[in-house]
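Dear colleague,

Please find the structure below, together with its sequence. My findings follow it, and I would be grateful if you could read them with the structure open.

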Amino acid sequence: MSINRTSLIHACHVLAALLFALYTTLAAAQQAPADAIDATPLVADLARQVQALALTGAQSASRAMAGAPRIDVSVGQLDPRLKLAPCQHVEPYVPDGMRMWGRSRIGLRCTQGPTRWNVYLPITVKVYGKALVASSGLQAGAVVTAADLAVADVDLAEDASPPVADPQIAVGRTLTRPLKAGQSLRAAHLKARQWFAAGDTVTVLAQGPGFSVSGEAQALNPGIEGQSVRLRTESGRILTGMPTGDRRVELPL
């Protein structure tokens, strides 16, 4: 997957401002003229490292998706109020727990200089792929039909809720919020399904490598999609599982 040239140029400009300040400060400290130091190769190299880190992280996050989504990385700007000490080597890194998806950030730390510092550079990662969009404006509370949906290229990373790509998941469901024409349909836009009510008898399934065990139990609370449910077996044992279909619950192993 190639690096977007426009994004790389923008990254160079942003990082150039940072490194220019660092190197001119360092040059002054060494009583050398600022224009005697050429930081251009270092700026370009740092920009490429930032782009590579973001692209690698985005590719890893989108690995389970079908096809090869197009990834664009836009580099933001550091807080202009920052007063950083001179530094001879700046190292970009991905902060712990940071996902290269949507609005994110790359860490920049000084590893060679009189004062070690650490700052965060904002970035925006856009991942384009096929998903469902509203073919026309839809109101909250509307029941989705096949005619309401179309397939289009969307930024999969623009919302924390996962995009919906399969029409069978959406058709017949109720919208929790309005959608504009062309807006990407997300899982959070669909009202959670209720598979059964409290007191219903449900089928309980436990599966593992080489085995499958099923039985029946009574639901102690409604079976809402995405929410755990408590069950009581005939022997009185209390279990907790996840509703997965009409009067069906799967137990975690």
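Pro95 counts as buried, because its relative accessibility is 9%, and buried means under 20%. Please note that this is a predicted model. Pro95 lies in the loop between strand E2 (89–93) and E3. Leaving out residues up to four places away in sequence, Pro95 touches Arg105, Ile106, Gly107 and Tyr120.

E3 and E4 run antiparallel and are joined by 8 bridges; a hairpin of 5 residues connects them. On its other pairing, E3 is antiparallel to E2 over 5 bridges, and His89 has Gln112 of E3 as its bridge partner.

The largest nonpolar core has 28 residues, of which Ile71, Leu108, Trp117, Val125 and Val127 touch the most other members. Helix H2 (40–61) and strands E1 (70–75), E3 (102–112) and E4 (118–134) each supply at least two residues of this core, and E4 gives the most, with 7 residues. Apart from its neighbours within four places in sequence, Val127 is in contact with residues including Ile71, Trp101, Val154 and Leu156. There is also a second, separate core of 11 residues, among them Leu149, Ala170, Leu179 and Leu185.

Yours sincerely

Notes: Residues numbered from 1 in each chain as written. Predicted model: local features only at pLDDT ≥ 70, side-chain atom pairs only at ≥ 80, totals over all residues. Heavy atoms only, no water. Core = buried A, V, L, I, M, F, W, Y, C linked by side-chain atoms within 4.5 Å. Buried < 20%, exposed > 50% of the residue type's maximum accessible area, 1.4 Å probe, protein only. Helix = DSSP H or I, 4+ residues; strand = E, 2+ residues; numbered from the N terminus. Contact = heavy atoms within 4.5 Å. Pairing = 2+ DSSP bridges.
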